Amino acid sequence: MIEDIELETLINEVYEYYGFDFGSYSRASLKRRVNRVFYLDGFKHFHEFLSKVRTDEEYCKRMIDEITVNVTEMFRDPSFYLTLRKEILPLLGTKPFIRIWHAGCSTGEEVYSMAIMLKELGLLHKSILYATDINATVLETAKSGIFPLRMIKDYADNYRDSGGQEDFSDYYIANYGFAKFNESLSEKMVFSQHNLVSDTSFNEFDLIMCRNVLIYFDNNLQKRVINLFDDSLAMLGFIALGTKETIKYSISPTKYKQFDKEKIWRKIK
């Protein structure tokens, strides 16, 4: 088990050698993830691990990828997607063009979920989905639109529970244990690397989705990211967060109105 002081040393060294800043990440989740890498890679002593990180840039990149990957699924929390489908997206549908940002999109399951809903509502043709993550490896998976077939039954259940009424299998082709989602969905997606810790706003959006990412950040970084989203959001646009996340302590409460019981807020000022 890595000690707290060793974790701080690792954070400092990674920043000094490679410029990657874990300083504002929640220590508890960071420690859990670093310990997992430490044991999986067979290290016995911290000094060996630290030496490998310092001297092997490829190894350090892979370690950062391992630590920053977030678990996701299609139509995760179906009641949230039902609210999007029934209430939020029809409101956005009145606009001539819809820009959506999936921040911290991981392997892309939520981006494809959004594209499917937009298609069914007749809105995909006038939408663009920007999907960003700090982790280049997961972005490649997201770009490919290829997911394990063993997950598809759960995804199809989530899809139906979130108000989907089409045949879910129409959206992908199954082959060799994988499902490849249709290019008619991915052609409306733009994937790129973006670091919520250090990068700035790059467009104005009508909906920003960032679910189950902020929980890995400390309070100060959460505030910084919420303010980045505020700067990036059009008037009357929406921010959607994960079930344990809130904008409440990061921004003036009169500026946003919480929408329904879900973790969705609308910018009203």
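I looked up the largest cavity and got a volume of about 200 Å³. The model is predicted: local features need pLDDT of at least 70, side-chain atom pairs count only at pLDDT 80 or more, and totals for chains, interfaces and linings use all residues. Residues are numbered from 1 along each chain as its sequence is written, and side-chain values use heavy atoms, with hydrogens and water left out.

I noted the terms. On a 1 Å grid over the protein atoms alone, a cavity is a set of points where a 1.4 Å probe fits but cannot get out; a pocket is an open set with protein on both sides within 12 Å along at least five of seven lines; lining residues have an atom within 4 Å of a point. Volume is the space filled by probe spheres set on the points, which are joined across faces, edges and corners.

I found three cavities of 30 Å³ or more. The largest cavity has 17 lining residues, with Tyr25, Asn70, Ile134, Val213 and Phe217 nearest its centre. Helices H2 (27-40) and H4 (57-68) each give two or more residues to this lining. H2 has the largest share, three residues. By type, the lining holds nine nonpolar, six polar and two charged residues.

The largest pocket holds about 390 Å³ of space. I listed 21 lining residues; closest to the centre are Val69, Asn70, Val71, Thr72 and Ser106. H2, H4 and strand S3 (146-148) each supply two or more.

**Helix H7.** I checked residues 136-144 and found Val138, Leu139 and Ala142 buried (under 20% relative accessible area; exposed is over 50%, partly exposed in between, 1.4 Å probe, protein chains only). Down the axis of H7, the buried residues fall within an arc of 105 degrees, so they line one face. They pack against helix H6 (109-120), strand S2 (127-133) and strand S6 (189-193). At the start of H7, a side-chain oxygen of Asn135 comes within 3.0 Å of the backbone nitrogen of Thr137. Just after H7, Gly145 has a positive phi of about 65 degrees.

**Thr200.** Buried or exposed? Thr200 counts as exposed, at 57% relative accessibility. I placed Thr200 in the loop between S6 and strand S7 (205-210). Not counting residues up to four places away in sequence, Thr200 touches His194 and Leu228 (contact means heavy atoms within 4.5 Å).

Notes: Helices (H or I, at least four residues) and strands (E, at least two) are DSSP runs, numbered from the N terminus. The arc is that of the directions from the helix axis to the C-beta atoms. A polar contact is a pair of N or O atoms within 3.5 Å; within protein, one must be able to donate a hydrogen and the other to accept it, and residues adjacent in sequence count only if both atoms are side-chain atoms. Ala, Val, Leu, Ile, Met, Phe, Trp, Tyr, Cys and Pro count as nonpolar, Asp, Glu, Lys and Arg as charged, and the others, Gly among them, as polar.
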